[in-house]
Amino acid sequence: MPRNKKRENNFAEVNPLHGKTIILGVTGGIAAYKACDIASMLRRAGADVHAVLTPNAREFVTQLSLTTITRNPSHCEQFQAQADWRPEHIELAKKADLILVAPATADIIAKMAAGMCDDLLTTMILASSAKIMLAPAMNPKMLDHPATQNNLATLQNHYRYDLIAADYGELACGDFGTGKMASVETIVAAAAACLLEHRTLAGRRVIVTAGGTREPIDPVRFIGNRSSGKMGIAMADAAYARGAEVTLVSTVEVDRAYSVLLVETALEMQETVEAEFDGCDALVMTAAVADFRPLGFSNQKIKKSVKEDFSLELTKNPDILDLLGRVKTDEQFIIGFAAESEELLSNASQKLKRKNLDVIVGNDITVPDIGFGSDDNAVIILSADGSRENLPRMPKRAIAEHLCDIIAARFSTAEKEPASAD
Ligand code: PMT
């Protein structure tokens, strides 16, 4: 039976900071001491805060303070011995809902505008697809300098960057002017507003499936596939960050603030998704569901046969998408995925029609380094209205954000459409 990890996430509907992963970037200016208050306020509002300091920031505030306040290890060194092969900070950058740089010095603003990454913080910023907020703090002349103004303009032209304007007042250097970092309350409120504004799926219930099903042969063996669940988890994270009530039906265990329903087999996935489907607004099936399962299950480990050959009789699994595509209402939106090794366009487009989907995301699984198990993918997105988009190689989270935009656009159009006269 599915192991149920259902959680209520109603609180998240009223508090956009609750359950969100926020990277607090701290750079080397006197206002860095206020980062402790920002971290504390964010954490008390329910955010999972991870501080990343530049080496210069440590001249003003200690890592120990930020670690204690955030209750998470804080980071500074870019090159550090680590237990796991996966660089922890890159994983963090991928899962962040928001990167808040406060204070942001002229130096970090220049580096970000130029796409430089010579320390941990700038590297994480480049490696993340999260929204980035900057709270500049510097001497008024430095802020007013054309170089800094050009850099800020470059960043603001990009949809991922938002500025929390500096205040006017007396600065630590004794000068008066605009350059004081905005108040802690203003910064935390701006972070909450940014997450709220981004909540294009607020009030929507979204089901996402992730991972590859395992079809047991005996107590030891199973038929499986190469799906890691990364695409589904990225999709669920993105939908949750947009304010959706998310249920992730997954074969891969993951600890999140939204509901995670663990399943193993295709039949368990079918049972769980069907139980959740009624009343949901969107279903995104990224899971690689086994088309066949062994006809019988051997309670004992199958012994090595004296015969050279061994055959396993298989039977077809139900096609979950196909079944739900038949019963979905006009208000429900279904996105399927198609893993293809040939004829990507025509196979994906046939699946779109045959399974009565709104959108299908096709990926060519023969391309090395992307797709199964990778952090990246390159996909083609086909819609039932005939539109077609090619997304070049990009992080799975960025693909997920794109799919969230598609779902949100569909619901905003549906809301704007006038009710029919009859
Ligand atoms: O998990 P990752 O390592 O991140 O890899 C991501 C991915 C490669 C698994 C993902 O991008 C992907 O392509 N997922 C779909 C894989 C697949 O099973 O494709 P398919 O063409 O066999 O199935 C088409 C659609 O029908 C899929 O949405 C699938 O979930 C669904 N299906 C398939 C069989 C079945 N019995 N029931 C289903 O609902």
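At 46% relative accessibility, D118 counts as partly exposed, where partly exposed lies between buried (under 20% relative accessible area) and exposed (over 50%), with a 1.4 Å probe and protein chains only. D118 forms a salt bridge with K111, a salt bridge being a side-chain nitrogen of Lys or Arg within 4 Å of a carboxyl oxygen of Asp or Glu. K111, at 13% relative accessibility, is buried.

This is a predicted model, in which local features need pLDDT of at least 70 and side-chain atom pairs count only at pLDDT 80 or more, while totals for chains, interfaces and linings use all residues. Residues are numbered from 1 along each chain as its sequence is written, and side-chain values use heavy atoms, with hydrogens and water left out.

Helix α9 covers residues 184-197. Helices (H or I, at least four residues) and strands (E, at least two) are DSSP runs, numbered from the N terminus. The expected span of a helix is 1.5 Å times one less than its number of residues. For the 14 residues of α9 this gives 20 Å, and the end C-alpha atoms are 20 Å apart, which agrees. Buried residues in α9 are V184, I187, V188, A190, A191, A192, C194 and L195. Their cover includes the strands β2 (21-26), β4 (98-104), β5 (131-136) and β6 (161-163), and the helices α2 (35-44) and α10 (230-241). Contact here means heavy atoms within 4.5 Å.

**Salt bridges**

The whole structure has 20 salt bridges.

| Pair | Closest N and O atoms |
|---|---|
| R58 and E77 | 3.0 Å |
| D118 and K111 | 3.4 Å |
| D358 and R410 | 3.7 Å |

R58 forms a salt bridge with E77. R58 lies in the loop between β3 (48-53) and α3 (63-70), and E77 in the loop between α3 and α4 (88-95), so the pair ties together parts that are 19 residues apart in sequence. R58 is partly exposed at 35% relative accessibility, and E77 is partly exposed at 36%.

D358 forms a salt bridge with R410. This pair links distant parts of the chain, 52 residues apart: D358 is in the loop between α13 (344-354) and β18 (359-364), and R410 is in helix α14 (residues 396-416). D358 is buried at 13% relative accessibility, whereas R410 is partly exposed at 22%.

**Backbone features**

The peptide bond from A102 to P103 is cis, with omega near 0 degrees, and P103 is in strand β4.

E343 is not a glycine, yet has a positive phi of about 45 degrees. E343 sits in the loop between β17 (333-340) and α13 and is exposed at 55% relative accessibility. D369, also not a glycine, has a positive phi of about 70 degrees. D369 is in the loop between β18 and β19 (376-383) and is exposed at 61%.

**A nonpolar surface patch**

F292, F310, L312 and L314 form a nonpolar patch on the surface, with about 380 Å² of accessible area together. Patches are made of residues with over 30% relative accessible area and no salt bridge, with like charges joined within 9 Å and nonpolar side chains (Val, Leu, Ile, Met, Phe, Trp, Tyr) within 5 Å. Accessible areas come from the Shrake-Rupley method with a 1.4 Å probe, and for residues only the protein chains shown count as cover. L312 lies in the loop between β15 (292-294) and β16 (314-316) and is partly exposed, with a relative accessible area of 34%.
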